[in-house]
Amino acid sequence: MAYNFKEIMNQEERLAPGHRMCAGCGGTIAVRNVLRGLHPEDHAVITCATGCLEVSSFTYPYTAWKDSFIHNAFENAGATCSGVEAAYEALKRRGKVKDNYKFIAFGGDGGTYDIGFQSLSGAMERGHDMVYVCYDNGAYMNTGIQRSSATPMYADTTTTPVGSESVGKPQYRKDIVDIIAAHNVPYAAQTTFVQNFKDMHIKAEKAIYKPGAAYLNVMAPCPRGWRYDTPQIIEICKLAVETCYWPLFEVEDGKWTLNYEPKKKLPIEDFLRPQGRFKHLFKKGNEELLVKFQEEVDRRWEDLLYRCAR
Amino acid sequence: MAIRERLSGNEAVAIAIRQINPDVMPAFPITPSTEIPQYFSSYIANGKADTVFIPVESEHSAMSAAIGASAAGARTLTATSSCGMALMWELLYVAASNRLPIAMALVNRALSGPININCDHSDVMGARDAGWLQIFAENNQEAYDNFVQAYRIAEHKDVRLPIMICQDGFITSHAVENIELIEDDKVKAFVGEYEPEDYLLKDGEPFHVGPYAVSNYYMEAKRAQAEGMKNAKQVILEVAKEFEAMTGRSYGFFEEYRLEDADYAIVIMGSAAGTAKDAVDKLRAQGIKAGLLKVRVFRPFPAEEIAKALTHVKVLACMDRTESFNNECGPLGAEVKSALFDAGCAPKVINYVYGLGGRDVTVESITSVYEELIKIDETKETGAKYRYLSVRED
Ligand SMILES: Cc1ncc(C[n+]2csc(CCOP(=O)(O)OP(=O)(O)O)c2C)c(N)n1
């Protein structure tokens with residue numbers, strides 16, 4: 001697919017500036033670039049789970065959203081969006097709505113992997129014509145950086161704090177795209193901010209316009225939660241991909257495709273080192289933890305290669 | 001010509017829904033309301049309605065999807081009971097605060113535990129402060145009639161609040177009774193088209209629902225909801241009047257049964273009122289001035305009107321089909337007593353908890369309540385003001 005960076009970036013923004021998200025927030029970058037996947041002539045109804053994004057972009061009496069928007073609760077963006085989509089079907093059929101609408105739900109990893117998981121699963125299984133986008137910042141950021149099932153192993157969060165008896169989060173993270181793909185939806189993909197947003201743009205557009213339920217998992221770094229130097233966000237994303245921690249792949253109509261393979265897989269330390277939440281892994285005596293982390297990344301990468309090679 | 005039928009309460013409500021043919025219905029099965037989505041799904045499957053039915057994976061998602069659909073501009077409803085409504089809890093408040101006129105066919109059932117599928121009012125009473133209109137039915141006819149009136153009240157521009165149309169699990173939901181249905185075209189004309197002012201799918205006008213509101217706005221939002229609830233009183237009466245003109249069946253906030261000159265009265269809601277009326281008739285036949293007040297509209301609570309209807313009563317029993325665990329009275333009792341206090345009239349009031357988890361309510365058991373009221377009047381000894389009816393105490 002042809003990707004004209006300048007043209008895409010010059011599209012009219014659908015998320016207005018002036019919202020209250022932190023400077024350098026990955027969530028906002030994810031939203032703006034997903035919305036660029038919408039064709040300018042189409043309308044959208046956006047659903048948003050409670051989280052940083054919602055409370056900072058729609059604070060009464062202001063809104064940053066140029067399209068119609070609904071926030072319902074933390075755990076139900078999937079179901080809420082499915083209700084909106086069903087209303088569209090009903091009202092369109094009865095001649096009460098003329099314009100074309102697309103339906104996009106946004107949730108943080110907490111609202112997606114954890115508390116909103118059932119609601120999401122239901123919406124995907126029923127096959128509503130919608131896209132669910134998780135801006136995955138790897139913790140409950142809005143309530144102050146608590147662990148989620150998307151938080152990487154060993155991360156220092158406020159509910160898995162590093163201490164004399166703790167090396168951070170004990171568990172590996174959950175692979176949600178696999179789980180959504182197991183719903184046999186027409187489209188599920190994972191992306192982040194690399195390649196001048198080409199991968200992300202193509203996936204967003206595909207997810208939005210492919211009929212049926214689609215899921216997009218976007219790694220969206222959080223400078224406060226991850227404790228890296230804020231302007232380094234693009235570098236962080238690149239390292240996540242080059243270390244194979246965050247592979248770019250998609251599952252379309254059941255077919256797994258790896259969208260990018262690093263020429264030379266970088267060691268996981270390269271991704272972990274710039275982030276304060278992993279500082280303890282680089283202390284003397286913790287070498288074993290890095291080995292374990294690497295082993296898990298390798299195992300999952302091999303597994304993905306296998307699925308994509310089938 | 002009205003249509004004479006024999007129907008269960010669930011089927012009657014399903015027929016009302018078919019006649020209204022709303023835009024969207026998300027629902028999840030739970031006894032004793034399951035039949036409502038079942039009947040309705042079969043109507044859709046056979047081309048008798050073309051509502052978009054969403055077979056959600058939980059009641060939590062039923063209410064979440066209902067909120068999405070209603071905000072998008074669709075006339076929306078769901079049906080549930082007990083644990084199902086409890087699972088919707090958080091969203092009940094969201095629906096009300098977003099001023100979404102969603103209708104809920106609520107078939108009252110006890111909340112766990114122990115898990116129990118039979119009738120009481122613990123589900124609906126727990127949600128009494130959620131901001132929903134709440135209307136109760138004594139029998140199948142009333143459940144049907146109330147549902148036909150529901151959207152006219154909820155969608156009225158001075159109200160714009162969600163509405164629960166309640167009936168008692170099994171007692172009316174499953175029992176088959178004679179019923180008079182209204183013709184389809186008359187129901188359609190009575191309910192009319194839904195024309196919301198602002199909604200997500202309004203062509204050319206983006207709309208935003210569910211903001212974060214800090215302390216300088218939140219309270220005004222609640223105040224506005226309260227205003228809708230206040231306005232609902234007038235609207236409920238207006239709609240009832242029109243309904244009476246169409247059917248000859250009259251409805252108000254409550255029904256007074258042989259109450260006018262009653263010395264001894266009970267306040268009661270739902271199906272047990274029918275049994276209680278029999279008890280009243282029997283006592284009247286013995287020359288005892290017994291009467292009753294059956295509450296139809298619990299939200300908004302018609303406090304002044306209820307107090308006025310009860311001023312002359314000597315001893316009163318408030319019958320609650322739920323526990324409130326305040327060691328004092330149930331929610332109905334609390335509201336009635338507060339209404340009486342404000343009106344400056346003070347009959348002696350005894351509070352009863354009855355019929356929990358489907359415990360049988362009989363003419364005899366209700367008669368025993370009146371007997372106790374008479375005894376209080378005669379002995380001038382009130383005794384325990386909070387009592388359980390038909391319970392094993394050992
Ligand atoms: C039912 C419920 N539980 C808890 C909360 C409190 N809460 C609000 S946002 C949030 C965390 C959001 O985390 P995530 O979904 O990862 O989004 P982020 O804030 O990181 O963008 C929590 C715990 C809530 N609003 N509702």
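## Domains of chain B

Two residues are taken to be in contact when they have heavy atoms within 4.5 Å of each other. In this predicted model, 27 residues of domain 1 of chain B are in contact with 25 residues of domain 2 of chain B. The domain assignment places domain 1 of chain B at residues 3-247 and domain 2 of chain B at residues 254-388, and the centres of these two domains, taken over C-alpha atoms, are separated by 28 Å.

## Overall form of chain B

Chain B contains 13 helices and 16 strands. Its radius of gyration is 21 Å, close to the 21 Å that the globule rule gives for 394 residues, and chain B is therefore as compact as a globular protein of that length. Along its principal axes, the C-alpha trace of chain B spans about 70 × 55 × 45 Å.

Of the 394 residues in chain B, 59% are buried, a class that requires under 20% relative accessible area. Where contacts in chain B join residues at least 6 apart in sequence, 81% of those contacts are between residues at least 24 apart.

## The largest pocket

The largest pocket has a volume of about 1400 Å³, and its lining is made up of 49 residues, with B:Ser97, B:Asn98, B:Arg99, B:Val209 and B:Gly210 lying nearest its centre. The elements that contribute two or more residues to this lining are α3 (52-57) of chain A and, from chain B, α3 (59-71), α5 (89-97), α7 (140-154), β9 (208-209) and α9 (218-247). The largest share, six residues, is that of α9(B).

By class, the lining of the largest pocket consists of 24 nonpolar, 11 polar and 14 charged residues.

## The pocket between the domains

The second largest pocket holds about 490 Å³ of space and is lined by 25 residues, those nearest its centre being B:Ala110, B:Asp120, B:Glu323, B:Leu356 and B:Gly357. Because domain 1 (3-247) and domain 2 (254-388) of chain B both give residues to the lining of the second largest pocket, this pocket lies between them.

Helix α6 (residues 122-126) of chain B makes the greatest contribution to the lining of the second largest pocket, namely three residues. The lining of this pocket divides into 12 nonpolar, nine polar and four charged residues.

## Enclosed cavities

The largest cavity has a volume of about 60 Å³, and the residues that line it are A:Asp136, A:Asn137, A:Gly138, A:Ala150, A:Pro152, A:Arg173, A:Met219, A:Trp226, A:Tyr245, A:Trp246 and A:Arg277. Six residues of the lining of the largest cavity are nonpolar, two are polar and three are charged.

The second largest cavity, with a volume of about 50 Å³, is lined by A:Tyr101, A:Lys102, A:Phe103, A:Asp129, A:Met130, A:Val131 and A:Ile208. Strands β3 (101-108) and β4 (130-136) of chain A are the elements that give two or more residues to this lining, and the largest share, three residues, comes from β3(A). The lining of the second largest cavity comprises five nonpolar and two charged residues, with no polar residue among them.

Conventions
Residues are numbered from 1 along each chain as its sequence is written. Chains are lettered from A and ligands numbered from 1 in the order in which they are written. This is a predicted model: local features need pLDDT of at least 70, side-chain atom pairs count only at pLDDT 80 or more; totals for chains, interfaces and linings use all residues. Side-chain values use heavy atoms; hydrogens and water are left out. On a 1 Å grid over the protein atoms alone, a cavity is a set of points where a 1.4 Å probe fits but cannot get out, and a pocket is an open set with protein on both sides within 12 Å along at least five of seven lines; lining residues have an atom within 4 Å of a point. Grid points are joined across faces, edges and corners, and a volume is the space filled by probe spheres set on the points. Helices (H or I, at least four residues) and strands (E, at least two) are DSSP runs, numbered from the N terminus. Ala, Val, Leu, Ile, Met, Phe, Trp, Tyr, Cys and Pro count as nonpolar, Asp, Glu, Lys and Arg as charged, and the others, Gly among them, as polar. Domain bounds come from an automatic or database domain assignment. The radius of gyration is taken over C-alpha atoms; the globule rule is 2.2 Å times the number of residues to the power 0.38. Buried means under 20% relative accessible area, exposed over 50%, partly exposed in between (1.4 Å probe, protein chains only).
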